[in-house]
Amino acid sequence: MTSTVTHTIKCSDSESTEFILPDFFSNCRYPMRLNPHHDQVSYASDQWARSEANLPESKALKYSTLLRPAYFASSCYPDADAFHLRVCADFLGWTFIIDDWLELDKFEVNDALEIRDCCMSAFRDPVNFQTENHIAKLCKSFFSRFKETAGPGCTERFIQRMELWYTSAAKEMDSRTKGYVYDVESYIELRRDLSGCKPCFAFIEFACQIDLPDEVISHPVITALEEAANDFVAWSNDIFSYDMEQSNHSTRNLVHILMVKQGLDLQGAVDYCGRLCNICVQNFEEHRAILPSWGEEVDKDVAIYVQGLQNWIAGSVQWSFESARYFGKDGHVVKRNRVVKLSPKRPL
């Protein structure tokens, strides 16, 4: 395993004012790539969100300049053509919109379940299902285009995985309302559905215009590859988002849970998460090396899918520094020196 970060922070957690990021670019050497259709798709997707989601100007500006969903899609689906990249960008933009919506304190579990039912109906029949809900209208828009070229297996996998995401989101919202803090094991189990990676991985098939047989997707080696990629994205994201979440008094983060449940200081918890990310990459490569064969044609599609999982590992890191979601305007500085200075906590 790659050696861990040598930086240390000497103060106790209550005195910590900064922490050092793991060296993701040395420990994970997958190339960072960007889809050549990014600029064209970025403009179109931003306009789509403004009109279809009825975003006020302040949120529309945040969507296009802070979140940069088209850049996220271009990093994670670098080989998609313009049509498929646009659908991917709209989908990722939709996930940001609904994620922010579910974070609002005024919404409760029943609200999440209601929007789940509405969106799942839109996924099942995006053409004929009628709704006035803005979130579900966005579903109808991007998923009707998804279904134009997606295979039946890919389509059903996406729908099933979105169901898992909604269920985990409702569970997390209920836990938040009750003030429950997960232990490490239960949080890891929840996070694998809550990360949103599972439906995003179905979009790999869509973006690359493949439709893997069910026996391939359910094979233990493929499952292990997906889990390694999912965990890497989740744990690295918990590191990147920690400052933003601690500023908002959020406890839904592996760094925080390790501090509470295992008594680690802030830097120790961050380093622990970094080691988990290294293990994910190691597991990914070990399972890629033992991929079975399903025949020449299927094997070609499997190789494309596994490459797509790798793109998600690299692309999610790249987007985290290029967007302003976690580090504001300092993304390039933080990428270079790996120092994250803690923001003051917002008033309750």
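A disulfide is taken here as a pair of cysteine sulfur atoms within 2.5 Å. The structure is a predicted model, in which local features need pLDDT of at least 70 and side-chain atom pairs count only at pLDDT 80 or more, whereas totals for chains, interfaces and linings use all residues. Residues are numbered from 1 along each chain as its sequence is written, and side-chain values use heavy atoms, with hydrogens and water left out.

Under the sulfur criterion, zero disulfides are counted. For Cys88, the closest cysteine sulfur belongs to Cys208 and lies 8.6 Å away, which is too far for a bond. Cys119 is likewise in no disulfide, its nearest cysteine sulfur being that of Cys139 at 3.4 Å. Burial is assigned by relative accessible area: under 20% is buried, over 50% is exposed, and values in between are partly exposed (1.4 Å probe, protein chains only). Cys88 is buried at 0% relative accessibility, and Cys119 is buried with a relative accessible area of 0%.

Secondary structure elements are DSSP runs numbered from the N terminus, with helices (H or I) of at least four residues and strands (E) of at least two. Helix 4 spans residues 69–76 and is mostly covered, with eight of its eight residues buried. Among them are Tyr71, Phe72, Ser75 and Cys76. Arg68 is placed in the loop between helix 3 (57–67) and helix 4. Its relative accessibility of 24% makes Arg68 partly exposed. Most residues other than glycine have a negative phi. Arg68, however, has a positive phi, near 50 degrees.

Gln318, in helix 16 (residues 296–322), is buried with a relative accessible area of 12%. Its side chain is joined to that of Ser75 by a polar contact of 2.9 Å. A polar contact is a pair of N or O atoms within 3.5 Å; within protein, one atom must be able to donate a hydrogen and the other to accept it, and residues adjacent in sequence count only if both atoms are side-chain atoms. With neighbours within four places in sequence left aside, Gln318 is in contact (heavy atoms within 4.5 Å) with Met32, Arg33, Leu34, Tyr71 and Ser75. Tyr71 and Ser75 are both among the buried residues of helix 4.

Arg116 belongs to helix 6 (residues 109–124) and is buried at 19% relative accessibility. A polar contact of 3.1 Å links the side chains of Arg116 and Asp117. Not counting residues up to four places away in sequence, Arg116 touches Glu163, Tyr166 and Thr167.

Aromatic pairs are defined by rings of Phe, Tyr and Trp (its six-membered ring) with centres within 6.5 Å; planes under 30 degrees apart are stacked, over 60 edge-to-face, and the rest tilted. The count is 37 aromatic pairs. One of these, Phe321 with Phe327, is stacked, at 5.4 Å centre to centre and 20 degrees between the planes. Tyr326 and Phe327 form an edge-to-face pair because their planes stand at 70 degrees, with ring centres 6.5 Å apart. Phe321 and Phe327 are buried, the latter with a relative accessible area of 8%. Tyr326 is also buried, with a relative accessible area of 11%.

Voids were located on a 1 Å grid over the protein atoms alone: a cavity is a set of points where a 1.4 Å probe fits but cannot get out, a pocket is an open set with protein on both sides within 12 Å along at least five of seven lines, and lining residues have an atom within 4 Å of a point. Grid points are joined across faces, edges and corners, and a volume is the space filled by probe spheres set on the points. The second largest pocket holds about 310 Å³. It is lined by 14 residues, of which Arg161, Lys198, Ile217, Thr223 and Glu226 are the closest to its centre. At least two lining residues of this pocket come from each of helix 8 (152–178), helix 10 (197–208), helix 11 (214–217) and helix 12 (220–240).

Two cavities of 30 Å³ or more are found in the whole structure. The second largest cavity has a volume of about 40 Å³, and its lining includes Leu21, Pro22, Phe321, Val334 and Arg338. Helix 1 (24–27) and helix 17 (331–337) each contribute at least two residues to this lining. Arg338 sits in the loop between helix 17 and strand 2 (339–341). Arg338 is buried at 14% relative accessibility and has a positive phi of about 65 degrees, although it is not a glycine.
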